[in-house]
Amino acid sequence: MNGSFNIKRIITYAALSLAALTFIYPFIWMIGASLAPLHEVGNMKFWPAHPTINNFQLMIGKIPIGRSLFNSLLVALLTTSLVLLTGSTVGYALAKLQFRGRQLIFYIIVFTMSLPFQITLIPNYITMVNLRLVDTYMALVVPFAVSAFAILMFRQAFQGLPQALIDAARLDGCSELGLIFRILWPNIKPTIITVAILTFIGSWNEVLWPLIVIRNEQLMTMPQLVTLFAVGGRADSQLGVKIAAAVLLALPVMIAFLFFQKHFIQSMASTGLKD
Amino acid sequence: MAEVILQNISKIYSDVDKHMGRHKAVDDISFTVYDKEFMVLVGPSGCGKSTLLRMIAGLEEISEGNLLIDGKRMNEMTPRQRDIAMVFQNYALYPHMTVYDNMAFGLKLQNFSKADIKSRVMETAQLLEIEDELYKKPKTLSGGQRQRVAIGRAIIRRPKVFLFDEPLSNLDAKLRSQMRIELQRLHREINATMIYVTHDQTEAMTLGHRIAVLNKGKLMQLDTPMNLYEHPNNKFVAGFIGSPSMNFLKGRIINETGLYFENESKQCRFSLGKDLEASLGSYVNTEVILGIRPENIFLKDDGSLSDCSLEVLAFENMGNEQLIYLSIGSQTIIVRRPQTHEIEIGDKVALSFSRKNMLFMVDSTGQVIDTTVLSNAGSGKL
């Protein structure tokens, strides 16, 4: 019995290790290749014989990658904060306040989730042009500041909290905003973390929208800049330089993943969604 | 000083999310809760008592009528401006805060100094005997301790009025009777106006200076516990207050050389005596309900003339008393005896009803026919 159990275990672990290797191989190769001199990139070896940071130096000289990292972080953090703010206030109203048309508003919000981004792309762009927001940070943040998904998540979380908790805080003299952030927020931490992680990653990975509204290189986000660099011909077809840019693009998310691994997996599992 | 006055208060629900159309959850209720009074609102579930309390608290909008606290109209005031505190059935403690922070939260919002908050928390914790739990989270506390913290959170702000929404119904029976006594002690010590909602008539009887009995959104009667017990206004109050509840016998008053009561199944028929004749004379041949409490029916073992003779359906020996269930027509009546006697199911027993403790109600309305005043006046003349 013990023996068969062990064999089953060995097979399971072997299969999982193989799968893990399959996934991690491109990453490791990517890092290796980014450090390889031009003539070694094609070798498909894990580690170059003569590692060099030449690729990174070349890339930094050609594009403002540092600035784009800052832009990406700024945009992702701003978007995430705004989504948490708007999501929880709207979610609270839909979950706990009584007003006419509450259900209808909720259904309309949920309905917007079914609209593909590509459909609203052009109207959104026209709005940005009319508001004179093209080529500003606002163009990257404002359209994503309210998220139907976040509203839905917060509404569900608030609905699960007892009404008496809200009543008690009101009697203690708490304002409605104080109630949301001081009483309710600490009790729905998993939801906040889930929404924050998914919003941050969604914002970080966005390429199409920045390509449309940002033309000033100084305002470009990292994925946008790297994409333009890689496919736009400015890398002079040098594979190593392109890969170096890709490494820098992947690195922040990978580091974040190492820190928040537990929450990442919970978020994906709890929503069944993956961007 | 805090006097709470309710003037013609109603709660009307239109069909916002309710699918039940317009209905009145609270219907035109007026009464005054005096300063330092312990007022209990009691009634079956769905009678509107909690809604009424939430309207006083400011958690529900008042559809019609006025609410005055200390003479000031409060309808549009927020809960904070009304200066009231409330204790909830499920405690509603903030789960992420320690007991200390739970109690301190309201004071922090009022910008009390740290030292003041600390001294008040300590004082309150001492009063409620929860000093050892101050730095624990609510989920590690027992039900009784949680309720103490909830009460602590309410009294620490020293509000004008305390509201209690079924605070003991989540506790087990033993703890409940213990907390009842503590609440009485607390009321004596902090000497504040309290309004207490419960569906449990025992709690109402033991805690209230006065009790307001509600049914279907209407105020049925408001009086002291003993007056409610002895002089209910209507059939609902008569049946609701007291345990086991009052026996009701349908029947009619007939006139055959003096007034008689005869029940529906004609198993009971007895003379009402001189005192009752004066006040019941105008009800001859109308349908009435006779109400009589279980302790006011006596078993006659001596074979003398009885009011009726009924079959024993069941009995319960409680040690200090005996409850006997008797069948009359399609109804059951209960008799309570102070001591346990030998009895068998199926026995026929002779009963006599205490005349001075009988209530008569008009069958159609449930209104109690006033027999006390007239019979007192009558006996005065004799």
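View 1. The axes are lines fitted to C-alpha atoms, for helices over the stretch in contact, and angles run from 0 to 180 degrees between N-to-C directions. Helices (H or I, at least four residues) and strands (E, at least two) are DSSP runs, numbered from the N terminus. The crossing of helix 3 and helix 7 of chain A is right-handed, meaning that the near helix is turned clockwise from the far one by less than a right angle. Residues including A:Val83, A:Gly87 and A:Leu94 in helix 3 meet residues including A:Ile151, A:Phe154 and A:Arg155 in helix 7, where contact requires C-beta atoms, placed from the backbone, to lie within 7 Å. The residues of this contact divide into ten nonpolar, four polar and two charged; Ala, Val, Leu, Ile, Met, Phe, Trp, Tyr, Cys and Pro count as nonpolar, Asp, Glu, Lys and Arg as charged, and the others, Gly among them, as polar.

**View 2. Helix 12 of chain A has buried residues.** In helix 12 (residues 222-231) of chain A, the buried residues are A:Met222, A:Gln224, A:Leu225, A:Val226 and A:Phe229; a residue is buried if 20 or more other C-beta atoms, placed from the backbone, lie within 10 Å of its own. After helix 12 of chain A comes A:Gly233, which has a positive phi, near 90 degrees.

View 3. Strand 11 (residues 247-255) and strand 12 (residues 259-263) of chain B run antiparallel and are joined by five bridges, and two strands pair if DSSP finds at least two bridges between them.

**View 4. Five strands of chain B form an open sheet.** The order of the strands is 15-19-16-17-18, with antiparallel pairing. Strand 15 (297-299) and strand 18 (331-337) of chain B stand at the edges, each with a single partner strand, so one side of each is left without a neighbour in the sheet. From one strand to the next, the twist averages 45 degrees. Within the sheet, six bridges join strand 16 (residues 308-317) to strand 17 (residues 322-328) of chain B, and B:Asn317 stands opposite B:Gln322.

**Notes on the views.** Residues are numbered from 1 along each chain as its sequence is written, while chains are lettered from A and ligands numbered from 1 in the order in which they are written. For this predicted model, local features need pLDDT of at least 70 and side-chain atom pairs count only at pLDDT 80 or more, whereas totals for chains, interfaces and linings use all residues.

Key: Two residues are in contact if their C-beta atoms, placed from the backbone, lie within 7 Å. A residue is buried if 20 or more other C-beta atoms lie within 10 Å of its own, exposed if 12 or fewer, and partly exposed in between; C-beta atoms are placed from the backbone.
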